[in-house]
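This briefing covers the core, the disulfides, the strand pairing and the backbone geometry of the model shown below. Please keep the sequence at hand while reading.

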Amino acid sequence: MPVTRSRRAALHTCATGLLLALSISLATPAYAGEQPSNTEGSSTEQSGGTDKTGIYAAARIQYSGSVAPGGGRGNVKSADVNWSPPPCWYAPYLGAEDFKKKMSAEIKEAASAPGMTGTPGAAIAQTKSHYEDGFGWEDHPGYEDYNVDKEGEGMFWAGVENPDEPDFLKRNSCTELPFWVDNGDAPPPQYEEAITPEILAALAYQHMELPGTEVTLAPAGTTKVNLPTWAWLDKADFHEVQATATLDAPGFGLTATTTAKPVSLKLEPGTPDAETYPASGECTIDGGAVGEPYAKGKADRTPPCGITYLRSSGEGTFSLKATVTWDIAWTGTGGAGGDLPDGTFENAQAVIVQEIQSVNR
């Protein structure tokens, strides 16, 4: 029996309602992980967890490397304001037998809820027929008895919310009914949000934790008006970092590693009454370090990276903002790879500037 536009709309409404009712969300809060350091990293994972049926979602995204503790959002800010990690995606959910156990129970519960007559009731009945009697429509083949005769040969996939996406509508936009994918096969092409190495790379970007390096200043703590203040980041504290996201499910596995390389440091003095070196305030990398450490005998030189304050901070301080820009790229399963938007990370530190015009050194 062909499916009309109105029936497709009804099925879509039913799919949305059922997905909300079933709480098919594999991206629940991650298990706690160790606090990452610049060298050791940590490992956390996001999984589907359990419910009263005792069924576990098989798909898990595990994060490792330089990632935020506890599966939280990292400290990288995209330099591209128009870019954001995916708000949702489709991923392996359950095998046929477990899916039948869960979905059939939830369909029965939804059908018995008050007010499930007319179009909602018909949509639920058609959804039941979709999984039990082979009822399908364009690009959506039906299933006989929840595909239990193919147990172990594939999995049903379902929508996953990104828990760090603040927009509720975007987070809940993967509303297709769960669909079957054979082991070793790619998801059908109409599911553009199906999990890929690139999506994993974007999620690794979202969870990446960059080192919160504080700029070293000379003079340290308190500087003087019209005295060049040298600024630098030590090579040991300013290095490449990586974060990896891995999804491992029966018959399906993907991984992606996102790599961030520091490229520049921008200094913003916290007052317009200051000069930066270079004039743009952008200090580039030289041999893996930014700027040049101050040493005795350099008093008459202009710092390659630094600031001269032209007035005192009075009884207060100036907030020196140091923004590190990171070049970010990724590689993944099957030789995939590419670039992601540059990332930035800011640190602010208080600087005291005293009104002394000349200093003997």
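A nonpolar core is taken here as a set of buried Ala, Val, Leu, Ile, Met, Phe, Trp, Tyr and Cys residues joined through side-chain atoms within 4.5 Å, where buried means under 20% relative accessible area, exposed over 50% and partly exposed in between, with a 1.4 Å probe and protein chains only. This is a predicted model, in which local features need pLDDT of at least 70 and side-chain atom pairs count only at pLDDT 80 or more, whereas totals for chains, interfaces and linings use all residues. Residues are numbered from 1 along each chain as its sequence is written, and side-chain values use heavy atoms, with hydrogens and water left out.

**Core**

- The largest nonpolar core holds 76 residues, of which Tyr-131, Ile-195, Leu-265, Leu-267 and Trp-326 touch the most other members.
- Strand β16 (residues 318-332) gives the most to this core, contributing seven residues; strands (E, at least two residues) and helices (H or I, at least four) are DSSP runs numbered from the N terminus.
- Leaving aside residues up to four places away in sequence, Leu-265 has contacts (heavy atoms within 4.5 Å) that include Val-215, Leu-233, Cys-283, Val-290 and Cys-305.

**Whole chain**

- The protein chain has five helices and 17 strands, and 46% of its 361 residues are buried.
- Among contacts between residues at least 6 apart in sequence, 72% join residues at least 24 apart.

**Disulfides**

- Cys-88 and Cys-174 form a disulfide with sulfur atoms 2.0 Å apart, linking distant parts of the chain, since Cys-88 is in strand β4 (residues 88-94) and Cys-174, 86 residues apart from it, is in the loop between α4 (168-171) and β6 (179-182).
- The link of Cys-88 and Cys-174 is right-handed, with 80 degrees about the S-S bond, and both cysteines are buried.
- In the disulfide of Cys-283 and Cys-305 the sulfur atoms are 2.1 Å apart, and the torsion about the S-S bond is about 90 degrees, so this disulfide is right-handed.
- Cys-283 is in strand β13 (residues 282-286) and Cys-305 in the loop between β14 (289-291) and β15 (306-309), 22 residues apart, and both are buried.

**Strand pairing around β13**

- Strand β11 (residues 252-268) pairs with β13 in the antiparallel sense over three bridges, pairing being assigned if DSSP finds at least two bridges between two strands; Lys-266 has Glu-282 in β13 as its bridge partner.
- Strands β13 and β14 also run antiparallel, joined by two bridges, and Ile-285 stands opposite Val-290 in β14.

**Backbone geometry**

- The peptide bond from Ala-218 to Pro-219 is cis, with omega near 5 degrees, and Pro-219 is in the loop between β7 (216-218) and β8 (222-224).
- Tyr-277 and Pro-278 are likewise joined by a cis peptide bond, with omega about -5 degrees, and Pro-278 lies in the loop between β12 (274-277) and β13.
- Tyr-146, a residue other than glycine, has a positive phi near 60 degrees; Tyr-146 lies in the loop between α3 (118-132) and β5 (154-161) and is buried, at 1% relative accessible area.
- Asn-147, which is not a glycine, has a positive phi of about 65 degrees, lies in the loop between α3 and β5, and counts as buried at 9% relative accessibility.

Methods: A disulfide is a pair of cysteine sulfur atoms within 2.5 Å.
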